[in-house]
Amino acid sequence: MSGPLAVEVGGLSLKNPLLAASGTFGYGVEYESLLDLSTLGGIVSKGLYLEPRDGCDVPRIVETPSGLLNAIGLQGVGVRAYVRDVLPRLERYDTAVVVNVCGDTVEEYAEVTRILEDAPRVDAIEINISCPNVKKGGMAFGGDPRMTHEVVAAVRRVTRRPVIPKLSPNVADIALFARVCEEAGASALSCINTLLGLVVDVEKRRPRLAFGTGGLSGPAIRPIAVRMAWQAARAVSIPVIGIGGIMSADDALEFLIVGCSAVQVGTANFVDPGIYERINAGLVAYLERHGLAGIRDVVGTLAYPGETK
Amino acid sequence: MPANLDVPLVSREALPGPYALLTFEHPQVAREARPGQFVMIKAHTAPEPFLRRPFSIMAVDRERGTFTLFLKGVGPGSRALIDLRVGEEAGCLGPLGRGFEAPPPGTEALLVAGGYGVAPFYMFAEELTALGRPFHLFYGGRSAPDLPLVEVLTESGYPLSLSTDDGTSGTPGRVTAPLTTYLDAAAGPSVLYACGPDAMLHAVARVARERGLGAQVSLDPWMGCGVGTCLGCVVRIQRPSDPRPKWRPACTEGPVFDARDVVWS
């Protein structure tokens, strides 16, 4: 891959640093008629289990100031239907395909990954150890260093592809979890998943979401996400993919400057599915304005008070 | 195919109360929209609310390449749209979803609208007129001010029955009252179409079931994306081929569903 926007993330080559974040872009094919999927650096699929999943009761989403609280509960078609029905349709697009893998048990994560291993169109595995809206797996694993190590190591053993755990922000020390993932054989890290939140209907004195708590996303969480991606990037030598409220090229640049090698665009997909071209154009303009040859020259260039570069 | 465009406001017509008709330029919506379909739209002038909002398409003008929305300024999203000045833009994705299907020849379409749920029936009435299908519109609300489209609909000459809960306009009581009276007197076959609050949709579905009539209902859950990816707007649906109910996104598989398939909560 060449061009000013091309990046390499733990063995995953991307034509530009923008990926669609899991759970905000379906399986990719839903957007086929709306935009050219080849304008994306990559697509991260909705989380997939072995079997189809029903997801949570409704209401599942509630809007908050500059954000969205959701408890969808990983409704999905299951990995086999994805391999059979979705992956062939992605053949014609020049974009990386990253599959977000879920499980109720360590064995299920490994089994889903094993099934994907025979699918040629898959470029990398993202491990979902951070979904706050399921009773088992998800954040329950990603909030426990020992389980985190076990899941990442189990997935690492069954695939040759880049393995990218997606970290939860709902921990006291994200650097610790970043290091645990690196030790377990992760190729890169996705930082962050949604922040655990609660919105209350004051008339009914009940949570607005049927599940109770939910995951907060959107621009409301961006400063927290930038801080946590920065902490994770400093803690490990593997690349970090920044996620959290990106709506513009400047937002993406914040993550890149603090040390992320690429970024994922999430909730913004709901507001404007045409956002990728705009962000990419903004990144190119930034490189030109600063006389930089490529995105790589931006990554990790933060001048932090009291630190020498 | 839906298209995601920045669309300028072409004209705004204020209606009594918090209502307005807004016309935007959007060639794809104008050309391809079907009655009952919707757009996801948000005024560029207001950063909040964060998400776009779904609104039924009330009318299209294929020659001018425009479409019209009927809005009630109830929250920040709809108010920001109503406050747009002509020429200012909104981000707009559409046309989206599955709309109403016209009845077969010889079958009368009975359109049941609650409050601002009347919007898609304006366009549907135009289509039924063009198809030469008989139809009748039942337009109900809590009170006379909740029926701001009466004048527009009367001017169009559409067969119309009004009702209000408080009796300030038309038949006193729920909109299903004039509907059942009409059905009692009807000679030929008919299909029911409903758009409005959930309780009204459910009531129309019950009328249809009791009388063995087909019914199409337009559901209006909270929507995030409009294209089936956020799975926030799912509704419980059980089609004859489904062994058990399934969560289906209202944005792509609806918003119009066969009333018999809806699992009412």
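This is a predicted model: local features need pLDDT of at least 70, side-chain atom pairs count only at pLDDT 80 or more; totals for chains, interfaces and linings use all residues.
## Basis

Local features need pLDDT of at least 70 and side-chain atom pairs count only at pLDDT 80 or more, while totals for chains, interfaces and linings use all residues. Residues are numbered from 1 along each chain as its sequence is written, with chains lettered from A and ligands numbered from 1 in the order in which they are written.

## Sheet

Chain B has an open sheet of seven strands in the order S4-S3-S7-S1-S2-S6-S5, with antiparallel pairing. Strands are DSSP runs (E, at least two residues; helices are H or I, at least four), numbered from the N terminus, and two strands pair if DSSP finds at least two bridges between them. At the edges are S4 (53-56) and S5 (59-61) of chain B, each pairing on one side only. From one strand to the next the twist averages 35°.

Four bridges join S3 (residues 38-43) of chain B to S4(B) in the antiparallel sense. Ile41(B) has Arg53(B) as its bridge partner in S4(B).

## Helix H3

Helix H3 (residues 119-131) of chain B lies across S4, S5 and S6 (66-72) of chain B, at about 55° to S5(B). Axes are lines fitted to C-alpha atoms, for helices over the stretch in contact, and angles run from 0 to 180 degrees between N-to-C directions.

## Domains

Chain B is assigned domain 1 (3-96) and domain 2 (108-218), with bounds from an automatic or database domain assignment. Their C-alpha centres lie 24 Å apart. The contact (C-beta atoms, placed from the backbone, within 7 Å) takes 13 residues from domain 1 and eleven residues from domain 2 of chain B.

On the domain 1 side, S5 and S6 of chain B are the elements that give two or more residues.

Technical notes
Two residues are in contact if their C-beta atoms, placed from the backbone, lie within 7 Å.
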